[in-house]
Amino acid sequence: MALDAAFVGVQSRHGVRRLEMAFLARALVEARKRQGLVAMLMPSPFASGVLYGPHRRALLAQYGVVKVIRSRARGFGTLRPRQCC
């Protein structure tokens, strides 16, 4: 499964049925193979939710995170991204 390959060592099964996690995992595995980059829009619970904690820690430990952008917009029409980290 791509989730296990992307987040090595994560025992949490949270995210197994989440479509955004499947897309992120596949993108990370492919980027690792090709030494590429991944840009993803993720739901806000991924950034601060307790259940995603193991996946966030693995992401930071196993990949080079270049930039995280946070937006408080409720839709793409009013999107004004801000760099948060």
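With which residue does glutamate 20 form a salt bridge? Select arginine 18 beside it: the closest N and O atoms of this pair are 3.0 Å apart, a salt bridge being a side-chain nitrogen of Lys or Arg within 4 Å of a carboxyl oxygen of Asp or Glu. Glutamate 20 counts as buried at 16% relative accessibility, whereas arginine 18 is partly exposed at 38%; buried means under 20% relative accessible area, exposed over 50%, and partly exposed in between (1.4 Å probe, protein chains only).

Before moving on, note that this is a predicted model, in which local features need pLDDT of at least 70 and side-chain atom pairs count only at pLDDT 80 or more, while totals for chains, interfaces and linings use all residues. Residues are numbered from 1 along each chain as its sequence is written, and side-chain values use heavy atoms, with hydrogens and water left out.

Next, select helix 2 (19-34); helices (H or I, at least four residues) and strands (E, at least two) are DSSP runs, numbered from the N terminus. Its 16 residues should span 22 Å at 1.5 Å a residue, and the end C-alpha atoms, 23 Å apart, agree with this; the expected span is 1.5 Å times one less than the number of residues.

Within helix 2, colour Glu20, Met21, Leu24, Ala25, Leu28, Val29 and Ala31, which are buried. Looking down the axis of helix 2, you will find these buried residues within an arc of 165 degrees, so they line one face, the arc being that of the directions from the helix axis to the C-beta atoms. Their cover includes helix 1 (2-6), helix 3 and helix 4 (53-62), and on the other side of helix 2 the exposed residues are Leu19, Phe23, Arg26, Lys33 and Arg34.

Now show the side chains of Glu30, Lys33 and Arg34, which are linked in a network of salt bridges. Lysine 33 meets glutamate 30 at 3.3 Å, N to O, and arginine 34 meets glutamate 30 at 3.1 Å. Arginine 34 and glutamate 30 are four residues apart in helix 2, about one turn. Glutamate 30 is partly exposed at 24% relative accessibility, while lysine 33 is exposed at 59% and arginine 34 is exposed at 65%.

Finally, step past the end of helix 2 to glutamine 35, which takes a positive phi of about 55 degrees, and continue to methionine 40, in the loop between helix 2 and helix 3 (44-48). Methionine 40 is partly exposed, at 34% relative accessibility.

How values were computed: Contact means heavy atoms within 4.5 Å.
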